[in-house]
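Trainee: I'm new to this one. Could you walk me through how to read it?

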Amino acid sequence: MVYINIYILVPLFFFKTYYISYLILLILLGVIGLNLIAYSFNHFFLDYRLTEIPKNSNKGGLYEGVMTCVPIILATTTVKLLQKWTRDNKRIIELSNLTLKMELNELRNQMNPHFLFNMLNNVKALIRTDPEKASTMIVKLSEFLRYQLYENGEEKTLLVSEIEFLSNFLNLENIRRENFSFDIHSDTDKRLLNSTFIPPNLFTSFVENAVKHSVDISGEKSWVRIVVEIENQKLHFICRNSQNPDFPISNVSNSGLGLANIKRRLELLYGDTHHLNITSEEKEFTIDLTIPL
């Protein structure tokens, strides 16, 4: 009765929401099963009976037997439901992970062309004004493409590679712009930096945003300062840039496609375990990010 319930009644009726039909068939299963058991005892084991049982002792026996067996069989239904819930939950988690991975790849694929597009615009601007610098930038750009092709495609990349990538980017900006300076600082042991892995291009949008908003059309000095530290299994990334007090960033929460994408990417990667704080002051714009390692 248990196996008939598990492999026939539950999949064909209960899981398909035919609850009334399932209950009727379950009661019939109990009645038929008990009758078969009674028939077996009366015909195959009658000779082994030790004492005579009074006839009136069987009164109500079938009803009591059904009321006893049906709850026991229903317990097996609970086991089957638990198995189905476990399988469905596993399938939901797999689909959720697949969806999350697809969204992450989509966000990363959006950021990469956006970043390279700005780099090509910089080269275009220099071709007319300073061909020699433009030639240097093209050589540097090949290094960026090499990074994008061989390291950016991986799920994780070395933190030191990401820092070097940002340094090259800021060096290119330094070639292109006058009165621009940058600094990347870290007090963390180099061995720890060389052994730490992070998702690729995690800081690119922040630095690109800092470079874009540090431009001062009046010709005043502009700068970008980056600090990378590792402490207590957490990575702290701080990026500050100068900004003209006459042209502050009015909307800090949505200051470009790159920042919107990286915020969503951080949510997908780390959930509530990361902390991102963006502040805009009169002469300085700051991004403070903390992620677990």
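**Two helices in contact**

Mentor: Contact means heavy atoms within 4.5 Å, and helices are DSSP runs (H or I, at least four residues) numbered from the N terminus. This is a predicted model, where local features need pLDDT of at least 70, side-chain atom pairs count only at pLDDT 80 or more, and totals for chains, interfaces and linings use all residues. Residues are numbered from 1 along each chain as its sequence is written, and side-chain values use heavy atoms, with hydrogens and water left out.

Trainee: How many residues of that contact are nonpolar, polar or charged?

Mentor: Nonpolar covers Ala, Val, Leu, Ile, Met, Phe, Trp, Tyr, Cys and Pro; charged covers Asp, Glu, Lys and Arg; the others, Gly among them, are polar. Where H1 touches H2, there are 10 nonpolar, two polar and no charged residues.

Trainee: At what angle do H1 and H2 pack?

Mentor: Axes are lines fitted to C-alpha atoms over the stretch in contact, and angles run from 0 to 180 degrees between N-to-C directions. H1 (residues 2-14) and H2 (residues 19-44) pack at about 155°, their axes 9 Å apart. H1 is therefore roughly antiparallel to H2 (over 145 degrees).

Trainee: And is His-213 buried, partly exposed or exposed?

Mentor: Buried means under 20% relative accessible area, exposed over 50%, partly exposed in between (1.4 Å probe, protein chains only). His-213 has 23% relative accessibility, so it counts as partly exposed. You'll find His-213 in helix H7 (residues 204-214).

Definitions and conventions. Angles under 35 degrees count as roughly parallel, over 145 as roughly antiparallel, 65 to 115 as roughly perpendicular and the rest as oblique.
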